[in-house]
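Good morning, and thank you for coming.

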Amino acid sequence: MSATVVEQVVQARLIVSTHRSALLRVTLRYRADDPLAVRMGFPAEYSLDAEPAPPAGPPQPEVEWVFARQLLAAGLDLPSGDGDVHVRPALGHRTLVELRAPEGVALLQFDAPELRRFLWRSHLVVAEGQEAGFLDPDRALAELLG
């Protein structure tokens, strides 16, 4: 793995209802070439709009959510977010991440120390406040325009 990429696999609990939840593996990613963002990769079978994979077919690609690294950091201590992603602290050193899409809402519970460790590692790659020195405006514009 390149020194400009941080990747960490963690367990999350997908809260389905008051009495039902499911454990899933989530891949957290940070890339120095996109220094303001973090990525959360989820198994495709947990997507609300995913087509079921045929039994003998290749595995489906993961579903990835991209949002501000600062939102994740702020949400560890105070409720944060006013768009499709909301992050807030919960009891017992936990953090809740709420993902909103037209298909529905997913509520995930993470161990806050795991998220803090990931953020700490991302800050070793690009220190907080130094993101502008790593931005590639041409690449950012190309991604924005598709």
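Predicted model: local features only at pLDDT ≥ 70, side-chain atom pairs only at ≥ 80, totals over all residues.

His-86 has Glu-98 in strand 6 as its bridge partner. Strand 5 and strand 6 (residues 94-101) run antiparallel and are joined by six bridges; two strands count as paired if DSSP finds at least two bridges between them. Strands here are DSSP runs of E with at least two residues, helices are runs of H or I with at least four, and both are numbered from the N terminus.

Residues are numbered from 1 along each chain as its sequence is written, and side-chain values use heavy atoms, leaving out hydrogens and water.

The pLDDT is the predictor's confidence in each residue, from 0 to 100. Its mean over the protein chain is 86, with 78% of residues at 70 or more.

In what order do its seven strands lie? The order is 4-3-2-1-7-6-5, in an open sheet with antiparallel pairing. Strand 4 (63-68) and strand 5 stand at the edges with a single partner strand each, so one side of each has no neighbour in the sheet. From one strand to the next, the twist averages 30°. Helix 2 (residues 112-125) packs on this sheet, and its direction makes about 160° with that of strand 1. Such angles run from 0 to 180 degrees between N-to-C directions, along lines fitted to C-alpha atoms, for helices over the stretch in contact.

Next, consider Phe-67, which is found in strand 4. Is Phe-67 buried or exposed? Phe-67 is buried, because its relative accessible area is 6%, and buried means under 20%, exposed over 50% and partly exposed in between, with a 1.4 Å probe and protein chains only. Beyond residues up to four places away in sequence, Phe-67 touches several residues, including Met-40, Leu-72 and Val-85; contact means heavy atoms within 4.5 Å. Val-85, for its part, is in contact with Trp-65 and Leu-99, among others.

In soluble globular proteins, nonpolar side chains tend to be buried together. Of the 146 residues in this chain, 32% count as buried.
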